[in-house]
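Hi there,

Here is the structure I promised to pass on. Have a look at it first, and then read my notes below.

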Amino acid sequence: MIIREYSMSDFKEVLEIDREAFNPRNPSFDMYVYLTYGSDIFVADIGRRIVGYVVTMDLDPLRGKIVSIAVKKEFRGSGIGEYLMRRAIERLREKGKKEIALEVRVSNTIAQRLYEKLGFKIVETIPNYYSDGEDAYYMVLRFNEQ
Ligand SMILES: CC(C)(COP(=O)(O)OP(=O)(O)OC[C@H]1O[C@@H](n2cnc3c(N)ncnc32)[C@H](O)[C@@H]1OP(=O)(O)O)[C@@H](O)C(=O)NCCC(=O)NCCS
């Protein structure tokens with residue numbers, strides 16, 4: 001398994017992983033936009049098969065964001081999500097970011113554990129953040145706290 005930069009030829013496979021993870025019924029318009037205009041995107045590639053991705057964004061010169069991350073169901077629990085997150089964090093740090101933010105569903109304890117393991121802390125709850133009414137935790141990783 002290698003973590004490498006996303007290229008447009010990965011587009012369909014990444015959208016498929018996004019659909020499986022988040023939107024079983026609808027194609028994801030947001031992901032379409034991110035995959036076209038997002039800043040740094042990495043994929044986990046096993047023999048040219050994409051099994052996970054992470055999308056990042058620059059919020060401003062000092063702040064970055066993890067916009068989306070997902071691993072194909074059958075490959076979860078084997079460290080791929082953590083590798084993707086570490087690569088994304090490393091890239092944002094290289095770009096001079098002092099903090100990285102993300103939102104996560106309050107019910108998504110698996111993702112929260114991953115983020116906490118990497119040093120993210122919950123700083124706020126955002127009510128009704130998701131279209132189904134679920135709240136989000138706003139989590140932040142600050143490098144000077146490491
Ligand atoms: C969240 C997600 C990306 C994690 O990817 P993964 O490859 O399965 O995670 P890893 O195997 O790298 O695990 C890394 C850490 O995540 C946490 N974690 C992963 N699976 C877990 C589980 N089943 N139960 C509890 N914690 C879990 C643990 O902290 C783990 O570290 P550990 O192995 O030292 O305990 C994956 O579950 C996924 O794609 N979920 C659906 C999409 C999603 O929810 N994305 C996040 C939206 S904010």
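Please keep in mind that this is a predicted model: local features need pLDDT of at least 70, side-chain atom pairs count only at pLDDT 80 or more, and totals for chains, interfaces and linings use all residues. Residues are numbered from 1 along each chain as its sequence is written.

First, the overall picture. The protein chain has four helices and seven strands; these are DSSP runs numbered from the N terminus, with helices being H or I of at least four residues and strands being E of at least two. Starting at the N terminus, the elements come in the order β-α-α-β-β-β-α-β-α-β-β. Because a compact globule of 146 residues would have a radius of gyration near 15 Å, the 15 Å of the protein chain agrees with that expectation. That radius is taken over C-alpha atoms, and the globule rule is 2.2 Å times the number of residues to the power 0.38. Along the principal axes, the C-alpha atoms fill a box of roughly 40 × 35 × 30 Å.

Now the sheet. It is open and mixed, with its seven strands in the order β1-β2-β3-β4-β5-β7-β6; two strands pair if DSSP finds at least two bridges between them. At the edges are β1 (2-5) and β6 (121-126), each pairing on one side only. From one strand to the next, the twist averages 25°. Angles run from 0 to 180 degrees between N-to-C directions, with axes as lines fitted to C-alpha atoms, for helices over the stretch in contact.

Two helices that pack on this sheet are worth a look. Helix α1 (residues 11-22) touches β2, β3 and β4 (63-71), and its direction makes about 85° with that of β3. Helix α3 (residues 80-94) touches β1, β2, β3, β4, β5 (99-105) and β7 (136-142), at about 30° to the direction of β3. Contact here is between residues whose C-beta atoms, placed from the backbone, lie within 7 Å. Strands β2 (residues 41-46) and β3 (residues 49-60) are antiparallel partners over six bridges, and Ile 46 has Arg 49 of β3 as its bridge partner.

What surrounds the ligand? There are 18 residues around it, the closest being Arg 76, Gly 81, Glu 82, Arg 113 and Leu 114; a residue is near if its C-beta atom, placed from the backbone, lies within 6 Å. β4, α3 and α4 (109-117) each supply at least two residues of this shell, and α4 gives the most, with five.

Tyr 137 is in strand β7, and Val 123 is in strand β6. Tyr 137 counts as buried because it has 21 C-beta neighbours inside 10 Å, whereas Val 123 counts as exposed because it has 11. The cut-offs within 10 Å are 20 or more other C-beta atoms for buried, 12 or fewer for exposed, and partly exposed in between, with C-beta atoms placed from the backbone. The C-alpha atoms of Val 123 and Tyr 137 are 7.5 Å apart, at a sequence separation of 14 residues. Leaving aside neighbours within four places in sequence, Tyr 137 is in contact with Val 104, Val 106, Gln 112, Ile 122 and Thr 125, and Val 123 with Tyr 138, Met 139 and Val 140.

Best wishes
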